[in-house]
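Have the viewer open and follow along.

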Amino acid sequence: MNPVTEVDAYTELVAQVQELVRPLVPYFSGGRARVRLGVNTAIHDDTAAELEAFARPLWGLAPLAAGGNALPDMELWVRGLAHGSDPAHPEYWGEPADRDQRIVEMAAIGFALALAPEQWWDPLSGSERDRLARWLRSALPRETSDNNWHFFPVLISLGLDRVQAPYDHSLITARLERLHSFWLGDGWYADGPTERRDYYVPWAMHFYGLLYDTLTGGDRFKERAARFAGDFVHWFADDGAAVPYGRSLTYRRAQAAFWGVLPFAGVDVLPWGVVKGYLLRHLRWWRDRPVTGPDGLLSIGYGYPQPALAEQYNAPGSPYWSLKAFLPLALPKGHAFWTAAEEPPPASPAVSVQPYAGAVLMRASGDVTLLAGRQHHPWVRHGAEKYAKFAYSTRFGFSLPGGTLGLEQGAHDSMLALSDDGGAHYRVREEPAAPQTTADTIRSTWRPWPDVEITTWLTAAPPWHLRTHRIHTGRTLHTAEGAFAVDRDAGTIPETGPGHAKVSAPAGLTGLRDLDGLREGQVVDCLPGTNVLARRTVLPMLTGHVPPGEHWLRCAVLGAPAGPEAEMAWRQPPTAPTLSAPPAPGTLPAPSTAPSVSPVPGVLSAPSTPPASRTSSASRMSSPSRTSSPSRTPAPPPTDSSPRTASTPPAPSTPPVPPAPPTTGDGT
């Protein structure tokens with residue numbers, strides 16, 4: 001889509017907020033304090049779920065009001081605030097308990113009061129104001145999950161400050177200090193004392209931090225956000241799509257909330273036209289997706305309604321977190337963000353290594369692929385699929401299992417699936433350990449069984465990526481390794497044979513080549529509703545088996561837009577890379593079932609030897625500086641003579657983060 005004028009862009013965003021919020025109106029309760037969108041199957045109670053559906057639209061409505069725009073049906077929210085905070089009213093929201101979902105939604109109300117008190121506070125009577133302030137204050141001393149949740153009392157306090165309601169400020173000081181302890185460096189936070197560095201970094205840690213700085217006159221969070229922007233640009237494809245990765249993907253548009261909070265906070269690390277482009281392209285990308293039902297309500301899912309994607313904490317109103325992307329509407333129309341011409345994404349390197357995230361991101365033909373090797377989250381539903389697959393793609397997404405039996409139900413795209421019962425049930429990587437990054441590679445080790453240890457190297461070679469696995473096994477294993485899953489609805493052209501499997505379809509071309517020719521290719525029809533972008537997919541795979549002992553499996557994986565360039569790339573795969581020496585087998589602790597304490601993150605160092613040539617003439621699709629490699633002879637297994645590992649990281653600037661106390665969850 002061509003860039004639009006500043007007036008068109010402003011009008012476009014106003015219309016999107018109204019379009020998203022308007023369908024909620026018929027679902028307000030009689031007392032206006034509850035929004036009942038359907039059956040709640042989340043871990044929190046129905047009252048909290050109905051408060052969530054009431055409060056989350058305020059993430060978009062408050063900026064709309066702060067920008068001087070008229071708010072249709074505003075009285076619904078005003079009456080809801082009065083009645084929901086009144087203990088004597090039948091629709092009272094209830095007192096927040098420790099780690100209560102109510103605290104999450106109270107933050108949205110605090111945000112609304114901070115941005116536009118004339119809309120949400122001034123219309124209340126004196127007694128209604130007193131009750132609302134008392135109810136909000138009751139959340140401040142409550143225990144929260146030890147992660148981004150510490151920001152929720154902070155946001156509540158911003159609303160109380162704006163309406164001059166008293167509270168104990170020492171409670172907020174302690175929260176802020178804990179949040180600062182999650183800072184890692186180079187723009188990155190951890191989401192608590194864990195290995196998670198997902199979208200909660202931009203849409204929570206940075207978003208809330210910038211709100212706090214802007215509304216209190218600080219700059220500590222602003223300096224960190226400026227450093228993060230340079231990494232985050234690599235998570236977005238040229239068409240605006242963001243890499244689908246991690247939990248809470250049903251929040252959709254919130255993936256771009258960081259680009260909206262930058263102008264609000266005045267963090268001009270990039271030209272406003274570039275920032276504007278990242279935000280608007282992303283919002284338009286979502287407008288082309290069937291993410292609402294016939295009633296206009298946002299659905300649980302990602303690229304389409306997909307309840308299987310939900311986390312335990314997702315209720316019918318959860319997707320309205322999307323409205324966090326519309327914060328620039330709080331700015332006047334004359335702000336430089338609105339007057340700047342929208343710009344396309346600037347040229348960027350084909351490969352971006354991000355050690356704190358444990359990721360290598362690569363760009364080819366405008367698409368982005370994330371190679372993952374650090375993060376994990378076993379508590380959330382489908383945590384292995386959301387964090388621990390080898391690759392995540394803006395074009396092909398990723399898949400969830402539709403069952404536990406066989407490859408069709410497993411939908412094991414971008415994974416090495418292993419079976420010890422003849423191929424009936426498979427295990428995959430769930431918790432990568434000992435991650436290390438080099439100039440183009442992420443390495444980690446994982447244990448699907450106590451007597452099976454696998455070290456995996458993932459190497460970027462756009463438009464390909466290379467996978468190398470060293471397997472130490474005490475049992476015979478059937479192996480099945482997947483490429484990307486591709487939409488099959490418009491027809492597919494499969495190709496299989498010894499050592500390769502490929503599918504070409506209008507949605508893209510994807511396939512694998514076994515660099516040692518040891519495995520057989522096949523194409524699997526995955527169960528419908530397993531992929532987060534396409535409703536029905538096929539999956540190219542390489543299958544084989546290994547007896548007890550040490551084994552090496554190596555393959556090259558291609559994912560690209562269908563067409564002559566992709567076909568040429570397929571005919572000229574890269575060679576196997578030269579890799580760093582792996583850890584000795586059996587030297588790693590067994591994986592735990594609980595989130596681990598985050599170690600000091602790695603710091604990228606220059607390789608001690610030049611990387612081996614591993615790109616073909618097909619690299620001209622995205623990386624003309626890479627040279628052709630006519631040879632397809634696999635390189636020997638990694639040896640100690642060619643180390644290319646990350647350097648030992650320095651000590652952090654803050655004390656190590658202690659383990660979090662036990663919790664039933666950390667969702668928002």
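Before we start, one term: two residues are in contact when they have heavy atoms within 4.5 Å. Keep in mind, too, that this is a predicted model.

With that in hand, begin with Trp 235. Leaving aside residues up to four places away in sequence, Trp 235 touches Trp 188, Arg 197, Tyr 199, Ala 241, Ala 242, Val 243, Tyr 245, Gln 354, Ala 357, Leu 361 and Leu 370. Where does this tryptophan belong in the bigger picture? Trp 235 is one of the residues with the most contacts inside the largest nonpolar core, alongside Trp 59, Trp 120, Tyr 208 and Trp 259. That core runs to 145 residues, and α5 gives the largest share of it, with eleven residues. Apart from it there's another core, of 32 residues, which includes Ile 471, Phe 484, Ala 505 and Leu 553.

Now zoom out to the chain. You'll find 17 helices and 19 strands in it. Of its 668 residues, 62% count as buried. And if you take the contacts with a separation of 6 or more, 73% of them come from residues 24 or more positions apart.

Next, pick out helix α7, residues 126-137. Its twelve residues reach 17 Å from the first C-alpha to the last, close to the 16 Å expected at 1.5 Å a residue. Which of its residues are buried? They are Glu 128, Leu 132, Ala 133, Trp 135 and Leu 136. Look down the axis of α7 and these buried residues fall within an arc of 160 degrees, so they line one face of the helix. As for what they pack against, the partners are α2 (46-55), α4 (74-84), α5 (101-115) and α8 (151-162).

On to helix pairs. Two packed helices are described by the angle between their axes and the distance between the axes. Take α10 (residues 200-216) and α11 (residues 220-232): their axes come within 8 Å and cross at roughly 145 degrees, and the crossing is left-handed. On the α10 side, the contact includes Val 201, Pro 202, His 206 and Tyr 212, while α11 brings residues including Arg 220, Phe 221, Phe 228 and Phe 232.

Then look at α12 (residues 257-265) and α13 (residues 272-287). Their axes also come within 8 Å and cross at roughly 145 degrees, with α12 passing α13 in a left-handed crossing. Here Trp 259, Gly 260, Leu 262 and Pro 263 of α12 meet Trp 272, Val 275, Tyr 278 and Leu 279 of α13.

Last, a few backbone details. The peptide bond from Pro 462 to Pro 463 is cis, with omega near 5 degrees; Pro 463 sits in the loop between β10 (452-461) and β11 (464-473). Gln 164 isn't a glycine, yet has a positive phi of about 60 degrees. You'll find Gln 164 in the loop between α8 and α9 (169-180), exposed, with a relative accessible area of 73%. Ala 434 has a positive phi as well, near 50 degrees, but its place is in strand β8 (residues 433-437). Is Ala 434 exposed, partly exposed or buried? At 32% relative accessibility, Ala 434 counts as partly exposed.

Terms used
Residues numbered from 1 in each chain as written. Predicted model: local features only at pLDDT ≥ 70, side-chain atom pairs only at ≥ 80, totals over all residues. Heavy atoms only, no water. Helix = DSSP H or I, 4+ residues; strand = E, 2+ residues; numbered from the N terminus. Expected span 1.5 Å × (residues − 1). Buried < 20%, exposed > 50% of the residue type's maximum accessible area, 1.4 Å probe, protein only. Arc of directions from axis to C-beta. Core = buried A, V, L, I, M, F, W, Y, C linked by side-chain atoms within 4.5 Å. Axes fitted to C-alpha atoms, helices over the stretch in contact; angles between N-to-C directions. Left-handed = near helix turned anticlockwise from the far one by under 90°.
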